[in-house]
Amino acid sequence: MAGEVEKLQELVEKYDNIVFFGGAGVSTESGIPDFRSQDGLYHQKYDYPPETILSHTFFMRKPEEFFKFYRDKMLCDTAKPNAAHLKLAELEQAGKLKAVITQNIDNLHQMAGSKKVLELHGSVHRNYCMKCHRFYGFAHMKASTGVPRCECGGIIKPDVVLYEEGLDNQTINEAVKAISEAQVLIIGGTSLAVYPAAGLIDYFRGEHLVVINKSPTPRDSYADLLIQEPIGQVFSQIHC
Ligand SMILES: [Zn+2]
């Protein structure tokens, strides 16, 4: 076990109010592309750049194009939780971890067994009729064609925070509370480039800030433990 991972193991053993804040890097090891990496969604060929397609304006103006992209690129039904997801669920079960705060929309933390998951950017597993608010699941969206419509005729909108849209207030408040009360905050698989999500880190007042990310992040200098390795690999070495 490398020295850094050993230090993480010590923190896990010593503390029981740990919060995890994660991003796309947590899911890439499960086969979900990172929007912002070189080989990620943002660099795939499409008629429009993904950040345009995934905006509120585009959704309203060209829903047909939006849903074509959404079904093709966002609704991945083959991804499975990796060692990081599974270990975080185990840590929660062991009473060590109080919350997972994620920027991902893929449901992998819940699939791994985590109960307290704060999804800052929503989830592709929740979709609602814009007219009557009826709920539709992942499979319904995956099987749909064109612009998916509710029985009432309304368009079914994914419960995913699009560009130009605000984050859910209750989710933010819960995330702020969890971070501000945590003894240990583990930031993992995120370059902390996306605001306002990344700004939540400022609420941490605890004892140890851990950053696990393959590439440098703006918070590396604040971390008292920095591990620049794939997150699944790191968590696979941790024991509850
Ligand atoms: Zn409806």
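**View 1. Tetrahedral zinc site.** The four donor atoms around the zinc ion subtend angles of 99 to 118 degrees, so the arrangement is tetrahedral (four donors, all angles between 85 and 135 degrees). This is a predicted model, in which local features need pLDDT of at least 70, side-chain atom pairs count only at pLDDT 80 or more, and totals for chains, interfaces and linings use all residues. Residues are numbered from 1 along each chain as its sequence is written, and side-chain values use heavy atoms, without hydrogens and water. The protein donors are C129 (SG), C132 (SG), C150 (SG) and C152 (SG), 2.2 to 2.3 Å from the zinc ion (donors: N, O and S atoms within 2.8 Å of the metal, 3.2 Å for Na, K and Ca).

View 2. The donor residues follow the pattern C-x2-C-x17-C-x1-C. C129 in strand β4 and C152 in the loop between α8 (138–143) and β6 lie 23 residues apart and link distant parts of the chain (DSSP runs: helices H or I, at least four residues; strands E, at least two). C129 is buried, at 1% relative accessible area. C152 is partly exposed, at 36% (buried under 20%, exposed over 50%, partly exposed in between; 1.4 Å probe, protein chains only).

**View 3. Lining of the second largest pocket.** β3 (117–119), β4 (122–129) and β6 (156–160) each supply at least two lining residues. β6 gives the largest share, four residues. The lining divides into seven nonpolar, four polar and six charged residues (nonpolar: Ala, Val, Leu, Ile, Met, Phe, Trp, Tyr, Cys and Pro; charged: Asp, Glu, Lys and Arg; polar: the others, Gly among them).

Definitions and conventions. Four donors count as tetrahedral if all angles lie between 85 and 135 degrees; four count as square planar and six as octahedral if opposite donors are over 155 degrees apart and all others between 65 and 115; anything else is irregular.
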